[in-house]
Number of protein chains: 2
Amino acid sequence: MGKLSHLHLDIPKSQNKRIIVIGGGFAGIQFIKSLKNAPYQIVLLDRHNYHTFQPLLYQVATAGLEPDSIAGALRHLFENHNDFYFRMARVTGIDPEKKKIKTLVGELDYDLLVIANGSKTNYFGDQQMYERTFPMKQIPQALDLRSHLLQNFEQTVMSPDQDEQDRLTNFVIVGGGPTGVEVAGALGELKKHVLPKDYPDIDFDIMKLHLVDAGPRLLAGMSEKSGDKALEYLKAFDVDVRLKTRLEAYDGKDVKLTDGTTIPAKTVVWAAGVTGNVIDGLDQKAIERGRILVDSFNKVQGHEDIYALGDIALLKEDSYPNGHPMVAPVAIQQATLLGKNLRRQLSNKEPIAFRYRDKGSMATIGRNKAVVDMPKFHFGGLFAWMVWMFVHLMSIVGFRNRLVILSNWVWNYLTYDRGTRLIIRTFIRGKNYKPGDTL
Amino acid sequence: MGKLSHLHLDIPKSQNKRIIVIGGGFAGIQFIKSLKNAPYQIVLLDRHNYHTFQPLLYQVATAGLEPDSIAGALRHLFENHNDFYFRMARVTGIDPEKKKIKTLVGELDYDLLVIANGSKTNYFGDQQMYERTFPMKQIPQALDLRSHLLQNFEQTVMSPDQDEQDRLTNFVIVGGGPTGVEVAGALGELKKHVLPKDYPDIDFDIMKLHLVDAGPRLLAGMSEKSGDKALEYLKAFDVDVRLKTRLEAYDGKDVKLTDGTTIPAKTVVWAAGVTGNVIDGLDQKAIERGRILVDSFNKVQGHEDIYALGDIALLKEDSYPNGHPMVAPVAIQQATLLGKNLRRQLSNKEPIAFRYRDKGSMATIGRNKAVVDMPKFHFGGLFAWMVWMFVHLMSIVGFRNRLVILSNWVWNYLTYDRGTRLIIRTFIRGKNYKPGDTL
């Protein structure tokens, strides 16, 4: 968009105290909702103009849902809020002394600051992986993966070379958490039900799915029973699951694993973990392992008037001495409570300390197959899959998104089809497609 | 996707004659459908893996429909056809002597060649316009325009400078044909009903729509009555329509018109016309004004076994001495007839000459507003709008697309909302977002 130096963050002062919220993820939007009509001016900053429903990102990447269905326009979400401002801006720093944040388009004062900018893909400092693998955190990334994987099959039918065909149809997924397991399951579905109809000239035995995890089992954040069940489901899709194994090197052509195996593969999905999006300017003592240390009221340690919520916040509770899992329910519960505490403050009531109520966790591995952990019991199979769908459908923002996703799921289920098998690549205005971009 | 020199077009020979079809637009897909189960091997080549329903492209560009809803995966369309092959490849030349086509991934023999690769945006040789304006022919282009126009408003709220605000909120549309009129109408709707809710801090009187056309009236391809009606509708949206006016120069900042006006504008939509996608290799005598001359059986003049259909074909009939309008119904009728004639040939029947049956044409200018020309009469308003919707809905490929589009329309109509107001920009793997790209 060219030079932006002339832009600035221009928010009129109101009689209310100003809360700046950094990030329109689960924590950010829940926090703002919880303060609807409270006497605060809220300024939300995000580098995107939409909220991403990340739990369904893998379905966009595997052609099951259109990207628009898992996104909610942030301005639209808060259309009926008073004294609310949204600015599409990337925050680059915090100045706690002057109570200001810095962005690429200028600075802004706050009375209260809520840091809720979540997490990003963790490459553990490996530049090779950053450049050559597909992350799964943002909608454009998921679209990129969708186009890439379909393009691989278009190239496979034109490839005279067996090695090259293998390289195009091998998919390596790094990370056996929910994202890795769900991507592997969705690719298994594509292999079994969808792609063979599209590519009758390919023998789909050639398509191989590999899932690699450094730990001793899948879904480390869930129960052992669920991990075992997920492994069983993935094996039914012929997924080659390698535990206690790491990716050692990847040159864009061949994956080298620590168990000595080499897999020729053009596609490596990097779902090995996330790390906090730490912004410059906070006291270094408040940062631990890429997250921001907060007390049990989500106030950042060593700072006044700064809070952190969700993935970025590291809150050590008795039951969670290393912090909470970086998942949506934690973010939502913290955000709700902080909103409530700010309201209590207005009526001079004591704030309530955060305690995470784990309502369970779940992952899906394809048609009729999911695992659910409840605090007291675990289950899998068709019922788990239905619970998974119901919970996700009810959690997504906006009635319209719910309708679109539900109709897609019904359609996909009944037809064994995926409606969005489109290779949509970048168009750069004024530049032609380059030969390599679209064949 | 890197080097492709190792790829090749590998289509097994069958006992059937091979027809190569270039382009999966209206003509290409209709032609293939009309030959279902006929004793021909069909090879479809397209640089995209999907068919684009171009009449609704403007709704993608103006956030009314998701891109996936107006696209149909080409492989999926012909899943049940025998001896059918699709290859995603860009055709670069034809060798009529050797009966071969050339692509970026190698050559392929044909027995019959059907050229149906349609038209592209006509910049009339103006490199400035090509580099600085938004075309409206492809899905990635429509998405680019959608992101751009929303981003303009995000920047407007951060712009301290009145001139810059004007530049961001002025939209100049070049071309008063159906595309230009429909884009102007859709932007008018956004201004009136949708964007003010999103941007309460902008006074939307600042948003100005300008439509420029070199001719004396709008919708030159339709009746004068419809052109007048469209003008009236656009004026109700405060669109500044300038007829007999051309764009003289555009440096990316200021539009200079031939009537002496200068309009500061970051957005110019180029809908001034299309021209054929002529491929190298045909006899120069067969090319006229960017189209391929065909006889009344759509056979290319001076060539054996080569046909051209749709926008690219120039067929001079008594009633159309300068060729037919470059619209979908002509393409579909020609394609149907060519399929029928090839079947007649198999049973030694004489081919039937093409005669265009004009069933009417139409354009929509927003909520409850459209114009319809039937051969004998013309009408506008709510009924025309309903006819427009019905015809477009029934014409689009695929039951699923129909459902998705219908639900979007019902939603948009009832809520005065647009579900897809998302700025989704390119993500380039391994590269960070650059500051300028996403603010």
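Modeller: Before we look at the sheet, one definition: two strands count as paired if DSSP finds at least two bridges between them. Keep in mind that this is a predicted model.

Biologist: Fine. Which strands of chain A make up the open sheet, and in what order?

Modeller: There are five, in the order β5-β2-β1-β9-β21, and the pairing is parallel.

Biologist: And which are the edge strands?

Modeller: An edge strand pairs on one side only, and here that goes for β5 (84-88) and β21 (306-308) of chain A. On average, neighbouring strands of this sheet are turned by 20° against each other, ignoring direction.

Biologist: Let me zoom in on one pair. How many bridges join β1 to β9 in chain A?

Modeller: Four: strand β1 (residues 17-22) and strand β9 (residues 112-115) run parallel. To find one of them on your screen, go to A:V21, whose bridge partner in β9(A) is A:V114.

Biologist: Let's step back to the whole chain. What domains is chain A divided into?

Modeller: Read the bounds piece by piece. Domain 1 is written as 17-47 + 89-120 + 275-346, while domain 2 is 127-272. Taken over C-alpha atoms, the centres of these two domains of chain A are 35 Å apart.

Biologist: I'm looking at A:V157 now. Is that residue buried or exposed?

Modeller: For this you count C-beta neighbours, and 20 or more within 10 Å means buried. A:V157 has 22 inside 10 Å, so it counts as buried. That's in a loop, by the way, between α5 (139-156) and α6 (162-169) of chain A.

Biologist: What is A:V157 in contact with, leaving aside neighbours within four places in sequence?

Modeller: A:Y199, A:D201 and A:I202. Take A:Y199: it sits 42 residues from A:V157 along the chain, with 8.0 Å between their C-alpha atoms.

Biologist: Where is B:N348, then?

Modeller: B:N348 is also a loop residue, between α9 (328-346) and β23 (361-364) of chain B. Its phi is positive too, near 55°, and B:N348 is a residue other than glycine.

Biologist: Why does B:N348 count as exposed?

Modeller: Because B:N348 has 6 C-beta neighbours inside 10 Å, and 12 or fewer means exposed.

Note on methods
Residues numbered from 1 in each chain as written. Chains lettered and ligands numbered in written order. Predicted model: local features only at pLDDT ≥ 70, side-chain atom pairs only at ≥ 80, totals over all residues. Domains from an automatic or database assignment. Helix = DSSP H or I, 4+ residues; strand = E, 2+ residues; numbered from the N terminus. Contact = placed C-beta atoms within 7 Å. Axes fitted to C-alpha atoms, helices over the stretch in contact; angles between N-to-C directions.
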